[in-house]
Amino acid sequence: MKLREGDGRDVAAVLDMLDGAVAWLVSQGRNGQWGSEPFSGDAKRVAQVTGWAEGDGMRIAEIDGLPAGCVVVGAANHYVKPATEPELYVQALVTDRRHAGRGVGAALLAWAEQEAVARGVGLLRVDCYAGHDGRLIAYYESRGFTRAEPFTVGSWPGMLLHKRLG
């Protein structure tokens, strides 16, 4: 697996990963996380992914030269409480379902930790969907994150998690 900076050429691949994740979630009866419609058909979501690609916080994991996952780091999402200390925030994490179970997400989160340390910050935060069976929260906990506090955006239940570094 190789990690590289993402850019505008990755927008279609990241949208494809997100669309695949939505389709998989829907097939599992898990519509609450990202809804049931493809990201690629939503102009707002396409603009969001394009913005990530134009920034400097996107990294792409490749397996055999093909995109297998994406992480985006930067400032905290607007709907969570601001941190009381310098931080790096995982704004997005997605893996291509074709590479499930190959450690892509773990590798991307490890890069985010290294990036935070390189930037001189000791706090990495992420938020995720807190509904259904809590499997996503459990995933982040398995990667060393600790629950910080629940929140809601409209009717969408979320959990803010953090990890101390260094």
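Predicted model: local features only at pLDDT ≥ 70, side-chain atom pairs only at ≥ 80, totals over all residues.
## Helix 1 and what follows it

The buried residues of helix 1 are V11, V14, L15, M17, L18, D19, A21, V22 and L25, and what covers them includes helix 2, strand 2, strand 3 and strand 4.

Helix 1 is followed by G29, a residue whose phi is positive, near 75 degrees. Q28 belongs to the loop between helix 1 and helix 2, and it counts as partly exposed because its relative accessibility is 40%, a value that falls between the 20% limit for buried residues and the 50% limit for exposed ones.

## Helix 2 and its two faces

Helix 2 covers residues 43-54, and its 12 residues reach 16 Å from the first C-alpha to the last, which is close to the 16 Å expected at 1.5 Å a residue. At the N-terminal end, helix 2 is capped by D42, which has a side-chain oxygen 2.9 Å from the backbone nitrogen of K44.

The buried residues of helix 2 are V49, W52 and A53; they lie on the same side of helix 2, because the arc they cover around the axis is only 100 degrees. In general, an α-helix has 3.6 residues a turn, so residues three or four places apart point the same way. The covering of the buried residues of helix 2 includes helix 1 (11-27), together with strand 2 (58-63), strand 3 (66-74) and strand 4 (88-95). On the face of helix 2 turned away from this buried side are the exposed residues A43, K44 and E54.

D127 lies in strand 5, which runs over residues 123-129. Although D127 is buried, it has no salt bridge, and the nearest side chain of opposite charge, that of R125, is 8.1 Å away, whereas a salt bridge would call for a nitrogen within 4 Å of a carboxyl oxygen.

The side chain of D127 does, however, take part in polar contacts: one of 2.6 Å joins it to the side chain of Y89, and another, of 3.0 Å, joins it to the side chain of N77. When neighbours within four places in sequence are left aside, the residues in contact with D127 are N77, Y79, V80, Y89, F151, W156, M159 and L160.

Methods. Residues numbered from 1 in each chain as written. Heavy atoms only, no water. Helix = DSSP H or I, 4+ residues; strand = E, 2+ residues; numbered from the N terminus. Buried < 20%, exposed > 50% of the residue type's maximum accessible area, 1.4 Å probe, protein only. Lys, Arg positive; Asp, Glu negative; His and termini not counted. Polar contact = N/O pair within 3.5 Å; in protein donor to acceptor, adjacent residues only side chain to side chain. Contact = heavy atoms within 4.5 Å. Expected span 1.5 Å × (residues − 1). Arc of directions from axis to C-beta.
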